[in-house]
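Trainee: I have a protein model to read. Could you take me through it, one feature at a time?

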Amino acid sequence: MQPFRVFVRWRSLSADESGYGEIQRKAEPNGAALSSISIAAMTDSKSRSRCYQSWRSQPSMTRVFEMSDTNKTVFDAVVAPVLPRVMQGKSSNFFAYGHSGSGKTHTIIGYDYESPEELGLCQASARHLMTDLNRLNADGGSDQLGIGIRMYELRKNSAFDLLNGRCECFVREGPDGQIHLRGKTEVLKDGKVRVRPLATKACWSFEDLSRELQIGLKLRATGSSTVHNQSSRTHATIELEIVTKDLLQARDAVIERQSELVPVGKYATDVYLEEQSRAFVQNDHGKFVPNPYYQVDQARIDTAEARKAEFEARVKSAEEHESTLFQSIARRHPCLGGKLVFVDLAGSEYYDAKNGLGCNQTPQEKQEGRQINTDLLALKEVIRARAQNLSRVPFRTSPLTLVLRQHFQASSDSDSALILTLSPSAREFAATMNTLKYGNLVGVAGNDA
Ligand SMILES: Nc1ncnc2c1ncn2[C@@H]1O[C@H](COP(=O)(O)OP(=O)(O)O)[C@@H](O)[C@H]1O
Ligand SMILES: [Mg+2]
């Protein structure tokens with residue numbers, strides 16, 4: 001298993017924090033090994049008297065970024081080194097963790113789409129990948145390589161598809177054990193049934209991708225960074241995957257065949273149940289006994305089952321086509337399927353929220369807070385269990401880790417990273433320390449192997 005790197009990023013003091021003093025901080029680099037970080041500040045205690053607090057991490061951090069470091073500096077150190085692996089078809093995952101207002105969205109998505117210094121990590125990655133893909137496309141060949149983008153907000157068991165009008169999708173486990181995010185089953189006007197998957201928008205240039213991203217972001221519940229703002233209560237996930245048009249079409253065909261199977265499968269079950277219910281009657285003692293006046297219409301059941309089997313075979317054949325196509329394109333272009341997953345996590349103030357939060361929260365907000373706490377705890381445990389090569393990785397403990405399971409599994413041989421975003425204000429000392437403690441546990445375990 002590759003190490004799971006932990007980075008620290010201090011943002012600059014915001015205007016409303018300036019009166020509270022600054023956290024003194026010191027990173028202790030250790031040659032090529034991991035750094036420890038120590039923090040200290042005079043803080044207001046509950047009894048209103050000022051008190052001195054300090055804390056020091058173990059050697060667990062790969063690098064500390066200071067206030068003056070731009071998104072580009074972070075990109076160059078954190079994501080750029082893994083891009084060659086992505087161009088070989090590998091996957092890497094990046095998480096931003098910190099309390100609301102600490103700089104997660106600034107880091108992952110960015111607020112300035114014009115300045116190359118400040119593009120968020122996902123846009124900067126897309127730009128680099130697109131340059132590499134365009135070079136391959138210019139070499140000729142019939143496959144046009146591009147980037148498929150998916151973008152959703154996870155909230156409890158639902159994913160809200162930001163590239164499809166915030167359509168709600170649910171976490172479903174397929175017969176193959178894979179986790180899928182699928183919308184409700186919809187019956188269309190022509191009687192066809194559709195089970196909408198998460199939308200993948202195909203982008204053939206950086207401009208395409210940037211446009212899709214911005215459309216999606218408009219649907220994201222953003223706002224001022226307070227505990228009550230919506231975006232702090234969801235995990236926003238952006239997936240970038242190297243694709244071709246043919247591959248996306250083959251995947252659409254699988255979804256289409258699966259949708260066609262839904263009503264046929266349901267009809268077969270209905271026929272079976274109907275025949276069985278007619279074949280038995282309740283006697284005077286309330287027991288079910290064979291109905292002497294009804295002979296099960298086995299031919300009717302068999303016809304329905306045969307039709308179901310035919311539609312199942314169509315799904316299987318579409319899946320086989322997708323997988324054969326993937327392999328044949330990947331032989332020409334090993335970058336196919338290379339993936340980057342960025343997660344702008346929910347505010348870490350919900351993590352272990354027993355010490356503080358909560359007085360002004362509605363019962364619904366409290367319940368959501370507990371769910372986020374479960375998600376963030378599960379994420380830490382999953383990273384630690386993987387790093388220690390434990391046989392059981394607790395993906396099922398939370399919807400977040402279950403949805404990300406395939407990305408974790410796909411990235412076992414490439415680097416992934418957690419970026420801790422921190423406010424340097426003494427007012428945020430407790431939150432900052434909690435974030436560092438979380439990252440410390442991840443960093444210590446993630447680099448044991
Ligand atoms: N490294 C940074 N440099 C400059 N400004 C930052 C930085 N990080 C965050 N900010 C600013 O701080 C505010 C809160 O950051 P944001 O990324 O929205 O926080 P979060 O997503 O963690 O709630 C935003 O106005 C953002 O522009
Ligand atoms: Mg945010």
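This is a predicted model: local features need pLDDT of at least 70, side-chain atom pairs count only at pLDDT 80 or more; totals for chains, interfaces and linings use all residues.

Trainee: How many helices and strands does the protein have?

Mentor: Helices (H or I, at least four residues) and strands (E, at least two) are DSSP runs, numbered from the N terminus. Here there are 10 helices and 17 strands. The C-alpha trace spans about 90 × 70 × 40 Å along its principal axes.

Trainee: What share of the residues counts as buried?

Mentor: Count C-beta atoms, placed from the backbone, within 10 Å of a residue's own: 20 or more others make it buried, 12 or fewer exposed, and anything in between partly exposed. Of the 449 residues, 38% are buried.

Trainee: What share of the contacts joins residues 24 or more positions apart?

Mentor: A contact means two C-beta atoms, placed from the backbone, within 7 Å. Take the contacts with a separation of 6 or more: residues 24 or more positions apart account for 70% of them.

Trainee: Which residues come nearest to ligand 1?

Mentor: A residue is near a molecule if its C-beta atom, placed from the backbone, lies within 6 Å of it. Ligand 1 has 15 residues around it, and R11, G103, K104, T105 and H106 come nearest. Helix α3 (residues 104–108) gives the largest share of this shell, three residues.

Trainee: And how does that shell divide by class?

Mentor: Ala, Val, Leu, Ile, Met, Phe, Trp, Tyr, Cys and Pro are nonpolar; Asp, Glu, Lys and Arg are charged; the others, Gly among them, are polar. The shell has one nonpolar, 12 polar and two charged residues.

Trainee: At what angle do α8 and α10 cross?

Mentor: The axes of α8 (residues 363–387) and α10 (residues 429–446) come within 8 Å and cross at roughly 15 degrees. Angles under 35 degrees count as roughly parallel, over 145 as roughly antiparallel, 65 to 115 as roughly perpendicular and the rest as oblique. The two helices α8 and α10 are therefore roughly parallel.

Trainee: Which residues meet there?

Mentor: From α8 come K380, I383, R384 and A387; from α10 come Y438, L441, V442, A445 and G446. By class, this contact has six nonpolar, one polar and two charged residues.

Trainee: Which residues of α9 are buried?

Mentor: In α9 (399–410), the buried ones are P399, L400, T401, V403 and L404. Their cover includes β7 (145–155), β10 (179–187) and α8.

Trainee: Is L162 buried or exposed?

Mentor: L162 is buried, because it has 26 C-beta neighbours inside 10 Å. L162 sits in the loop between β8 (158–161) and β9 (167–173). Leaving out residues up to four places away in sequence, L162 touches M151, Y152, E153, G216, L219 and R220.

Trainee: Where is R166, and what is its phi?

Mentor: R166 is also in the loop between β8 and β9. Its phi is near 65 degrees, a positive value in a residue other than glycine. R166 has 14 other C-beta atoms within 10 Å, so it is partly exposed.

Trainee: And N389, buried or exposed?

Mentor: N389 is exposed, because it has 10 C-beta neighbours inside 10 Å. N389 lies in the loop between α8 and α9, with phi near 55 degrees.

Technical notes. Residues are numbered from 1 along each chain as its sequence is written. Chains are lettered from A and ligands numbered from 1 in the order in which they are written. Axes are lines fitted to C-alpha atoms, for helices over the stretch in contact, and angles run from 0 to 180 degrees between N-to-C directions.
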